[in-house]
Amino acid sequence: MSHNNYQDFVNIDEFKYAAEKKLPRMVYDYYASGSFDQITLAENQNYFSRIKLLPRCLIDVSNVDMRTNVLGIDLSFPLMIAPTAMQKMAHPVGETATWSAANELGTSMTLSSLSTTSIEELSKHANGNPGWFQLYVFKDRAITKNLVQRAEQIGYKAIVLTVDTPYLGRREADYRNGFRLPHGLKLQNFSDLPLADVEGGLNAYVATMIDSSLTWKDLDWLKSITKLPIIVKGVMSPRDAEIAVTHGVDAIIVSNHGARQLDTAPSTIEVLPYIVKAVNGRCPVILDGGVRRGTDILKALACGAKAVMIGRPVLWGLAVGGKDGVKRVLSLLHDELKLSMALAGVKSISQINKSLIWDPSEYTKL
């Protein structure tokens with residue numbers, strides 16, 4: 001199937017195959033790979049297949065309402081775009097095309113610190129409503145503080161603090177390929193710093209910049225320098241979720257960094273119910289990782305997530321068709337979720353709960 005007729009693609013996998021054909025090997029591998037043996041990478045998707053949805057019948061589902069709201073952001077359906085680095089490697093327009101697709105489909109994106117479009121450029125493109133901003137805490141706190149305050153001043157609505165990356169996980173394909181930013185691209189948020197073009201490759205860059213001594217008290221520091229909501233991304237342990245809540249985070253993103261950090265960590269959907277239980281309604285919980293179908297979104301919501309995030313599928317759409325490719329990816333998931341909700345007998349997001357998930361132990365007493 002040529003990548004010119006991506007409007008005819010019927011699922012996310014077709015976008016992935018088309019993107020693999022189109023992108024340079026180094027770029028595709030950077031986006032696609034997980035760490036070490038990529039066991040968690042496979043598990044992020046595979047675990048969804050083990051969760052069974054229970055259809056209910058004879059319910060009027062002629063109108064299905066998928067609208068929801070996360071931290072004051074209205075969404076046409078409970079899916080947001082996760083922060084992914086260096087999107088201009090996928091398409092010349094990069095992050096601004098992704099934002100436009102999200103905006104036209106009534107959802108929202110998070111801009112990566114390691115973006116090839118600056119926070120100012122995206123805010124200007126978005127007329128001052130660019131979404132959320134993802135942050136790494138750098139060894140030089142002045143750089144971090146500067147980034148946060150720039151984002152706050154120009155309309156970003158929350159800071160998404162990535163907490164699972166004291167060091168970069170070892171993604172073997174990047175070593176094999178000698179990964180570096182393609183010629184002419186820069187990490188635009190650091191254009192005034194000597195490392196903006198990642199001369200020695202990304203791993204060297206991150207090792208130089210990112211603070212591996214980060215602890216919970218740095219979260220308190222971050223809260224002290226901004227009024228924006230703080231969302232922590234990369235929580236996998238229910239114990240960490242409990243600690244995060246006691247530190248007053250505004251939301252938690254259950255994420256294993258797209259399986260790019262600790263290999264053989266569990267899938268995100270597997271730990272989600274336990275994290276939801278630990279949080280106990282004190283802040284929204286968002287699931288990131290492995291979502292490739294509308295049924296996956298429904299399962300995550302049934303397990304207690306407020307919304308899901310997708311990363312790689314957006315990059316595949318961007319690579320294949322720019323803004324319209326991303327829109328097609330979002331539309332597919334939107335329509336699949338709507339159909340799945342109807343077939344499960346729920347007509348609004350508020351009706352989704354764990355009774356949708358088949359659990360034979362519920363019925364052994366009958």
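Buried means under 20% relative accessible area, exposed over 50% and partly exposed in between, with a 1.4 Å probe and protein chains only. The model is predicted: local features need pLDDT of at least 70, side-chain atom pairs count only at pLDDT 80 or more, and totals for chains, interfaces and linings use all residues. Residues are numbered from 1 along each chain as its sequence is written, and side-chain values use heavy atoms, with hydrogens and water left out.

**View 1. Ser113 in its loop.** At 0% relative accessibility, Ser113 counts as buried. Ser113 sits in the loop between strand S4 (110–111) and helix H5 (119–125). Helices (H or I, at least four residues) and strands (E, at least two) are DSSP runs, numbered from the N terminus. Leaving aside residues up to four places away in sequence, Ser113 touches Phe133, Gln134, Leu135, Tyr136, Leu147, Asn189 and Phe190. Contact means heavy atoms within 4.5 Å.

View 2. Rings of Phe, Tyr and Trp (its six-membered ring) pair if their centres lie within 6.5 Å; planes under 30 degrees apart count as stacked, over 60 as edge-to-face and the rest as tilted. Phe133, one of the residues touching Ser113, is buried at a relative accessible area of 0%. Tyr156 is buried too, at 1%. Their ring centres are 5.9 Å apart and the planes stand at 65°, so the pair is edge-to-face. Phe133 belongs to strand S5 (residues 132–135), and Tyr156 to the loop between helix H6 (141–153) and strand S6 (159–162). The two are 23 residues apart, and the pair links distant parts of the chain.

**View 3. Helix H1 against helix H13.** Two packed helices are described by the angle between their axes and the distance between the axes. Axes are lines fitted to C-alpha atoms, for helices over the stretch in contact, and angles run from 0 to 180 degrees between N-to-C directions. H1 (residues 12–22) and H13 (residues 312–344) pack at about 175°, with axes 10 Å apart. That makes H1 roughly antiparallel to H13. Angles under 35 degrees count as roughly parallel, over 145 as roughly antiparallel, 65 to 115 as roughly perpendicular and the rest as oblique. From H1, the contact takes in Ile12, Phe15, Lys16, Ala18, Ala19 and Lys22. From H13 come Pro313, Trp316, Gly317, Ala319, Val320, Gly325, Arg328, Val329, Leu332 and Leu333. By class, this contact has 11 nonpolar, two polar and three charged residues. Ala, Val, Leu, Ile, Met, Phe, Trp, Tyr, Cys and Pro count as nonpolar, Asp, Glu, Lys and Arg as charged, and the others, Gly among them, as polar.

**View 4. Helix H2 against helix H13.** The axes of H2 and H13 come within 10 Å and cross at roughly 155°. H2 is thus roughly antiparallel to H13. Tyr28, Tyr31 and Ala32 of H2 meet Arg312, Leu315 and Trp316 of H13. This contact holds five nonpolar, no polar and one charged residues.

**View 5. Aromatic rings.** The whole structure contains eight aromatic pairs. One of them, Tyr28 with Trp316, is stacked, at 5.2 Å centre to centre and 25° between the planes. Tyr28 lies in H2 (residues 25–32) and Trp316 in H13, so the pair ties together parts 288 residues apart in sequence. Tyr28 is buried at 5%. Trp316 is buried at 2%. Ring pairs also link Tyr6, Phe9 and Phe15 into a cluster.

**View 6. Arginines over rings.** A charge sits over a ring if NZ of Lys or CZ of Arg is within 6 Å of the ring centre and within 35 degrees of the ring normal. The charged end of Arg141 sits over the ring of Trp221, 5.2 Å from its centre. For Arg170 over the ring of Tyr175, the distance to the centre is 3.8 Å.

**View 7. Ala90 and its contacts.** Ala90 is in the loop between strand S3 (79–81) and helix H4 (95–104). Ala90 counts as buried at 9% relative accessibility. Not counting residues up to four places away in sequence, Ala90 touches Leu23, Tyr31, Leu315, Leu318 and Ala319.

View 8. Asn127 has phi near 50°, a positive value in a residue other than glycine. Asn127 lies in the loop between H5 and S5 and is exposed, at 73%. Ala259, also not glycine, has a positive phi near 65°. The loop of Ala259 runs between strand S8 (251–254) and helix H11 (268–279). Ala259 is buried, at 1%.
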